[in-house]
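Trainee: I have a model open on my screen and would like to learn how to read it. Could we go through it together?

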Amino acid sequence: VLPVVIMFIFAILFFGIMQDSGMFNPLISGMVKVSRGNVILVAMVTVIIAALAHMDGAGASTFLITIPALLPLYKKLNMSPYLLVLLIGLSASIINMVPWAGPLGRTAAVLGEDASELWKPLIPLQIISIILLILLAAFLGWREKKRIEKEGLLVTSDDSDLFESDVNMGSESEGKNLERPKLLWFNLLLVVVVVAALVSNILPAGLIFMIALSIGMLVNYPDAELQKDRLAAHAPNALMMGSIILAAGTFLGILDNSGMLESLAEDMVSVLPGFIVPYLHYVVGIFGVPLDMVLNTDAYYFALLPVVDGIVSPLGVESVEIAYSMMIGNIIGTFVSPFAPALWLAVGLAGIEMGKYIKYAFFWIWGFSLVILGVAFLIGII
């Protein structure tokens with residue numbers, strides 16, 4: 001699993017540096033201003049903003065960027081903060097299919113596959129999913145507008161400057177000192193080149209991110225002390241993810257080579273109804289979101305996935321298809337599970353209650369995951 005670990009560490013560091021430089025800020029600020037206080041547009045723009053903010057694959061930083069930026073706008077328009085967290089969570093979950101995010105990295109570790117290779121078939125699914133989520137956001141925004149009108153709280157204004165003061169990208173004094181607006185186009189080009197290199201597979205993913213991080217650091221922060229500060233700021237998250245993958249590789253190696261995994265699979269097959277066994281990966285994928293409420297991410301990918309693979313793959317189903325079925329069904333529920341630490345951060349930032357949020361969001365998220373599973377089936381991923 002060492003190549004996956006290397007990719008994780010350097011990808012998280014690279015996208016952290018890109019966020020420090022303020023690369024996404026003009027795009028996000030511009031979209032907030034374009035919405036001009038239209039409730040439906042604000043909901044749709046929230047999806048795009050969250051997708052951009054989650055490019056580093058880290059849920060905590062996504063919520064730290066988006067919620068402080070958008071919450072004042074939601075409050076001014078009397079929109080529900082529960083809707084804000086729901087839309088950010090769904091959008092981030094779709095982007096979470098990138099190879100440097102947790103689920104695909106864990107899947108790659110379990111299967112012994114290259115994470116960037118696993119990602120390629122998922123790119124069309126991500127694009128379709130974002131489009132569908134924007135449409136869902138429009139519908140939810142319409143429902144929210146009806147609720148606001150019914151309560152007599154609808155805000156209307158033709159003043160284009162009314163909402164500009166609410167655009168706050170968390171730009172404290174330190175953040176302002178780190179921003180590099182003059183390097184916006186260079187940084188954007190660098191990200192595009194990195195993604196193109198990953199898709200074309202011209203170099204190992206870890207090496208691509210090593211080179212990109214080196215270039216990004218030298219150009220944006222040539223001062224050695226500032227470079228050390230930025231690395232120190234992002235290293236804990238990067239090293240934590242790397243250590244999880246290393247530990248998981250050891251754990252799975254013991255399970256596999258000791259025969260425990262095969263024994264677990266055989267015992268489960270003996271108690272499962274025969275007609276379910278060939279379709280077990282679909283069943284688990286369909287219930288992926290409810291399972292997220294009782295299993296954390298590590299348990300789902302490092303304990304459940306190997307067992308299901310051990311049961312179904314002897315019947316002629318490809319391990320990659322089994323993994324996709326389980327991952328796609330589960331990943332959409334990433335930010336509705338109380339086992340996700342980043343969700344607790346989101347709840348705190350938005351000033352909402354976890355129990356009420358789960359009640360508000362659960363069935364929308366589960367329903368959306370089933371739709372995405374259906375899309376994956378139609379386009380031939382599963």
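This is a predicted model: local features need pLDDT of at least 70, side-chain atom pairs count only at pLDDT 80 or more; totals for chains, interfaces and linings use all residues.

Trainee: Where does the largest share of the nonpolar patch come from?

Mentor: One member, I202, lies in the loop between helix 10 (184-200) and helix 11. The largest share amounts to six residues. Those six come from helix 11.

Trainee: Is I202 buried or exposed?

Mentor: The cut-off for exposed is over 50% relative accessible area. I202 has 60% relative accessibility, so this residue counts as exposed.

Trainee: What should the 16 residues of helix 11 span, at 1.5 Å a residue?

Mentor: Helix 11 covers residues 205-220, and its end C-alpha atoms are 22 Å apart.

Trainee: Where around helix 11 are its buried residues?

Mentor: The buried residues are A205, G206, I208, F209, A212, L213, G216, M217 and N220. They cover an arc of only 150° around the axis, so they sit on the same side of helix 11.

Trainee: Let's turn to the aromatic rings. How many aromatic pairs are there?

Mentor: Two rings pair if their centres lie within 6.5 Å. By this rule the count is nine aromatic pairs.

Trainee: What kind of aromatic pair do F63 and F335 form?

Mentor: Their centres are 5.3 Å apart, with 90° between the planes. The pair links distant parts of the chain, 272 residues apart, with F63 in helix 4 and F335 in the loop between helix 17 and helix 18. F63 is buried at a relative accessible area of 0%, and F335 is buried at 5%. Since planes over 60 degrees apart count as edge-to-face, the pair is edge-to-face.

Trainee: And what kind of aromatic pair do F287 and W366 form?

Mentor: Here the distance is 6.0 Å centre to centre and the angle between the planes is 45°. F287 lies in the loop between helix 14 and helix 15 and W366 in helix 19, so the pair ties together parts that are 79 residues apart in sequence. F287 is partly exposed at 41% relative accessible area, whereas W366 is buried at 19%. The pair is tilted.

Terms used: Residues are numbered from 1 along each chain as its sequence is written. Side-chain values use heavy atoms; hydrogens and water are left out. Helices (H or I, at least four residues) and strands (E, at least two) are DSSP runs, numbered from the N terminus. The expected span of a helix is 1.5 Å times one less than its number of residues. Buried means under 20% relative accessible area, exposed over 50%, partly exposed in between (1.4 Å probe, protein chains only). The arc is that of the directions from the helix axis to the C-beta atoms. Rings of Phe, Tyr and Trp (its six-membered ring) pair if their centres lie within 6.5 Å; planes under 30 degrees apart count as stacked, over 60 as edge-to-face and the rest as tilted.
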